[in-house]
Amino acid sequence: MNPATIPLLAVDGGGTKCLAVFADAEGRMLASGRAGSCNYQGVGREAAARELTLAIREAKRQLGAGERDSSSASSLAVSPTEHTPAAEKDGLLRVACAVFGLAGLDTAYDRRIIEELVHEALDSTQVQADRVVVENDGVAALLGASGGDPGILIIAGTGSIVYGINAKGDSARAGGWGHRVGDEGSGYWIGKQAIRAALRGYDGRGAASPLTAKLLQHLKLRNEEELFNWAYSAAYSVDKTAELSRLVSEATQEGDAPARQILELAADELFLGAQAVMQKLGLSEDEAPFAVILQGGVLQHNPVVRSRLAERIVSFSQLARVDEAKREPIYGVIGQGRRLLGEEKEETEEFL
């Protein structure tokens, strides 16, 4: 008996979550599964493989359970469940195309590791893909969102990166060098700046800020010295530090000037990446308008960063068309998959 066939498996795996979606040829979601971070650079190889497998397994379980009503098919908030024997009995599932947009794919070394993770996850979940495409999460999101047209994608979530493509098909990137040496303008970077601002204020090297009290309360610490100790303890993590960016936004809304300076500097750092990509690709020199797509939690939920970044981009190039729609990156990955399926169909028809 031939296994069931689904047109598309799309996976968006970032530094915060991993979302797997089965979709039809029109891009409509049939089932989805969510798990934690599958960026092996941040959580390690074993944890990344586990979360990637969990997300696909949950999507497959939901698909097998027949949960294809409009509410569940369009939901992006499906939580992973414990693996059960019933999930193993679902049998082999075949997909025409599997597209993975995964964070942490920056070098040839990364690609070897991540492609191994992908195939392990597919084997573990008994998903057979006729075609497997593995891209950096930003590349897949950009190609899907732009449809191959000229544009740049700016992602600022837990991490940050800028990708671009011009009319010739040339691509370029800026940033995305990880939390240790980069990710400027990201949630992690904003959280780290908040800690630095608190310690600078404690020293008298910077202005005192109500933001400090928010940080201490959130982390359940008594003073700045405990904050310093926390930053160098085992409790410190990228995700926990990125969570502090929310407190910076709250303090800014309450009129905290140092907090606002952090957010404005985050926007300026993101603009430098966007400017570099536009210059590399000559986008500001062409006569045709190009899309600027803003994605990631910082840009979707922080109006100070989003508006300042948009203003600087339009001021730099009036050809830029900033898209501030709150679209999840998974839609870009799905779009990339649909584009690949369309190309395969055209090649088949031409051959016939």
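Q: Which residues in H2 meet which residues in H5?
A: Arg45, Ala48, Ala49, Leu52, Thr53, Ile56 and Arg57 in H2 meet Ile113, Glu116, Leu117, Val118, Glu120, Ala121, Leu122 and Ser124 in H5, where contact means heavy atoms within 4.5 Å. By class, these residues comprise nine nonpolar, two polar and four charged; Ala, Val, Leu, Ile, Met, Phe, Trp, Tyr, Cys and Pro count as nonpolar, Asp, Glu, Lys and Arg as charged, and the others, Gly among them, as polar.

Q: What kind of model is this, and how are its residues numbered?
A: The model is predicted, with local features requiring pLDDT of at least 70 and side-chain atom pairs counted only at pLDDT 80 or more, while totals for chains, interfaces and linings use all residues. Residues are numbered from 1 along each chain as its sequence is written, and side-chain values use heavy atoms, with hydrogens and water left out.

Q: Why are H2 and H5 called oblique to each other?
A: The axes of H2 (residues 45-64) and H5 (residues 108-124) come within 9 Å and cross at roughly 40°, the axes being lines fitted to C-alpha atoms, for helices over the stretch in contact, with angles running from 0 to 180 degrees between N-to-C directions. Angles under 35 degrees count as roughly parallel, over 145 as roughly antiparallel, 65 to 115 as roughly perpendicular and the rest as oblique, and H2 and H5 are therefore oblique. Their crossing is right-handed, a term used if the near helix is turned clockwise from the far one by less than a right angle, and left-handed if anticlockwise.

Q: What makes H12 oblique to H13?
A: H12 (residues 245-253) and H13 (residues 257-281) pack at an angle of about 125° with their axes 8 Å apart, and that angle makes H12 oblique to H13. The crossing of H12 with H13 is left-handed. On the H12 side the contact is made by Val248, Ser249, Ala251 and Thr252, which meet Ala259, Arg260, Ile262 and Leu263 in H13, and these residues divide into five nonpolar, two polar and one charged.

Q: Why do H8 and H13 count as oblique?
A: H8 and H13 pack at an angle of about 140°, with their axes 10 Å apart, and they are therefore oblique to each other. H8 passes H13 in a right-handed crossing. Trp189, Ile190, Gln193, Ala194 and Ala197 in H8 meet Ile262, Leu263, Leu265, Ala266 and Glu269 in H13, a contact with eight nonpolar, one polar and one charged residues.

Q: Which residues of H9 are buried, and against which helices do they pack?
A: The buried residues of H9 (residues 210-219) are Leu211, Thr212, Lys214, Leu215, Leu216 and Leu219, where buried means under 20% relative accessible area, exposed over 50% and partly exposed in between, with a 1.4 Å probe and protein chains only. These buried residues pack against H8 (187-203), H10, H12 and H13. At the N-terminal end, H9 is capped by Ser209, of which a side-chain oxygen lies 3.0 Å from the backbone nitrogen of Leu211.

Q: Why is Ser160 called buried?
A: The relative accessible area of Ser160 is 8%, so Ser160 counts as buried. Ser160 lies in strand S8 (residues 160-165), and its side chain reaches the backbone oxygen of Glu184 at 2.7 Å. Among the residues that Ser160 touches are Asp183, Glu184 and Leu270.

Q: How do you know that Asp183 is buried?
A: Asp183 has 9% relative accessibility and therefore counts as buried. Asp183 is found in the loop between H7 (178-181) and H8, and its phi is positive, about 60°, although Asp183 is not a glycine.

Q: What makes Tyr236 partly exposed?
A: Tyr236 has 23% relative accessibility and so counts as partly exposed. Tyr236 is found in the loop between H10 (224-231) and H11 (238-243), and touches Tyr188, Ile195, Trp230, Ala231 and Thr241, not counting residues up to four places away in sequence.

Key:
Helices (H or I, at least four residues) and strands (E, at least two) are DSSP runs, numbered from the N terminus. A polar contact is a pair of N or O atoms within 3.5 Å; within protein, one must be able to donate a hydrogen and the other to accept it, and residues adjacent in sequence count only if both atoms are side-chain atoms.
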